[in-house]
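Biologist: Before we go through the labels one by one, please show me the model, and then let me ask what stands behind each of them.

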Amino acid sequence: MKNIKKCKRCIMALICFLGFNLASIKAEALSKQIIIDWYESYYDGGTEEFSFHISNFGILFVNLEDTIADDDYSVCIRDSYGVLVYSKQIDWFEDGNGNFDVELSEGDYTIVFSTEGEVEFSVQAYFEYEPSIKHPEFEISEELLDLYVGESAVLAIESEPEGVLFDVEWSSSNPLVVAVSENGTVKAKKVGSAVIKAVISGEVYECEVHVAKRMPTYQTIYSILKKCKGKNFSLDVIDVGKKCRLYATGIYSISDKHWYSQAFMAGCSYVPYIELVKKANSTVTKFGFWGKFVQVDYFNSVVFDDLSLKLKTNNRRLSYDANIMDSNSYYNYKKHFYIGKSTWNTTLLSSISNPELKINKLGKMFDQNTLSLKIVDVGGASFELRTDKRHRNYWKKLLNTYKQILKKY
């Protein structure tokens with residue numbers, strides 16, 4: 001009885017030892033193995049042998065589709081002991097392309113092609129391994145990821161069969177855009193694209209990652225604009241939940257010059273703003289100028305033509321098309337001239353396009369004490385106004401708010 005118990009303990013110890021060692025075997029992935037890529041012509045019979053080794057159970061695929069045969073030929077496969085494991089006689093007239101596949105276990109084999117007639121052999125053969133504990137099949141959990149800046153995702157390597165041990169090395173083609181940790185955690189850092197690679201025993205598995213800015217809601221940006229509301233900044237809700245504008249204090253001047261032979265602009269205002277508009281599936285933020293102008297003509301009714309806004313310093317120039325929003329014209333019988341009043345608007349920057357370079361240039365112009373603004377119509381009438389430091393500071397603050405919104409979203 002004691003001997004039986006002792007024998008059982010030995011068996012259990014042996015099972016535990018074997019189990020531990022099987023679990024500790026590092027898995028090594030096997031890719032598709034090319035066995036034969038052969039071209040040869042026989043005109044009066046011939047035989048050709050190919051020896052190969054299989055490391056695991058799988059399927060041998062033999063492609064004879066491009067073989068041109070005017071006579072019959074045969075294919076046979078023998079193992080290392082000379083035992084025939086597969087044989088096929090191919091009738092050149094009846095069997096068509098002659099393709100075949102056969103299951104093989106681990107071991108050494110020889111495949112033989114032979115003919116007694118005229119055959120132009122074209123043979124491609126490869127072996128696909130069936131997954132096993134020793135030689136599993138791997139795949140990455142995701143091959144394509146779309147993330148927003150700041151988001152994370154976890155990539156995993158899945159194996160067949162499950163439960164095998166393996167080492168994996170993770171890397172990113174662009175760590176500044178997408179970083180990856182040693183356990184496969186992906187972090188989106190900035191807008192762009194990167195390829196995450198996982199390497200297992202020399203085999204590479206990839207995931208393409210695209211990073212975009214998170215699409216902000218109207219309410220998110222509206223709350224930012226609302227916080228800016230104050231003494232020198234006013235918030236105008238044009239359409240609740242759909243459109244609003246944040247204005248900075250603008251400048252206005254009336255001309256003291258008079259021309260009695262032509263039309264001229266008698267006054268104009270310039271007010272910068274940030275506009276927020278809700279679209280179907282997104283929001284659009286714009287930076288622009290809005291204003292009013294008065295035009296006088298002593299001889300004819302005022303005609304409102306296309307306008308342009310020009311910003312100028314001693315070393316920089318910017319020009320934008322302006323739109324007339326509404327207008328009216330009438331004759332002043334006391335002063336004996338025609339008066340035209342109009343509201344104009346122009347967009348300098350929009351989140352739809354990439355405005356970064358224009359933002360920087362505009363910011364530098366707001367810093368310069370030589371900055372002037374001029375509204376000009378196609379007929380040549382214009383009104384130019386120099387800016388002061390106090391107003392430029394308000395405008396610069398408004399522009400920085402716009403820049404921060406674009407940077408964040």
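Modeller: Here it is, ready for your questions.

Biologist: Why does Lys-312 count as partly exposed?

Modeller: Its relative accessibility is 30%, and since buried means under 20% relative accessible area, exposed over 50% and partly exposed in between (1.4 Å probe, protein chains only), Lys-312 counts as partly exposed. This is a predicted model, in which local features need pLDDT of at least 70 and side-chain atom pairs count only at pLDDT 80 or more, while totals for chains, interfaces and linings use all residues. Residues are numbered from 1 along each chain as its sequence is written, and side-chain values use heavy atoms, with hydrogens and water left out.

Biologist: How do you know that the side chains of Glu-384 and Lys-312 meet in a salt bridge?

Modeller: The N to O distance of this pair is 3.4 Å, and a salt bridge is a side-chain nitrogen of Lys or Arg within 4 Å of a carboxyl oxygen of Asp or Glu, so the pair of Glu-384 and Lys-312 qualifies. Glu-384 lies in strand 28 (residues 382-386) and Lys-312 in strand 24 (residues 307-312), so the pair ties together parts that are 72 residues apart in sequence. Those strands, like the helices, are DSSP runs numbered from the N terminus (H or I, at least four residues, for helices; E, at least two, for strands). Glu-384 is itself partly exposed, because its relative accessibility is 37%.

Biologist: What makes the side chains of Glu-384 and Lys-374 a salt bridge?

Modeller: Here the N to O distance is 3.8 Å, which therefore meets the rule for a salt bridge. The pair links distant parts of the chain, with Glu-384 in strand 28 and Lys-374 in strand 27, 10 residues apart. Lys-374 has a relative accessible area of 24%, and so it is partly exposed.

Biologist: How many salt bridges does the rule give, and which residues are linked in a network?

Modeller: The count comes to 5 salt bridges, and the network of salt bridges links Lys-243, Arg-245 and Glu-275. A further salt bridge joins the side chains of Lys-396 and Asp-367 at 3.0 Å, N to O. Lys-396 lies in helix 4 (residues 389-408) and Asp-367 in the loop between helix 3 (356-366) and strand 27 (372-377), so this pair ties together parts that are 29 residues apart in sequence.

Biologist: Why is Asp-367 called exposed?

Modeller: Its relative accessible area is 51%, so Asp-367 falls on the exposed side of the cut-off.

Biologist: Is Leu-371 buried or exposed, and why?

Modeller: Leu-371 is buried, because its relative accessibility is 0%. Leu-371 is found in the loop between helix 3 and strand 27, and its C-alpha atom is separated by 9.6 Å from that of Arg-317, 54 residues apart along the chain.

Biologist: What makes Asn-56 count as buried, and what does its side chain reach?

Modeller: At 11% relative accessibility, Asn-56 is under the cut-off and therefore counts as buried. Asn-56 is found in the loop between strand 2 (46-54) and strand 3 (58-63), and its side chain reaches the backbone oxygen of Glu-130 at 2.8 Å.

Biologist: Why is Tyr-81 called exposed?

Modeller: Tyr-81 has a relative accessible area of 75%, and so it is exposed. Tyr-81 lies in the loop between strand 5 (73-79) and strand 6 (84-90).

Definitions and conventions:
A polar contact is a pair of N or O atoms within 3.5 Å; within protein, one must be able to donate a hydrogen and the other to accept it, and residues adjacent in sequence count only if both atoms are side-chain atoms.
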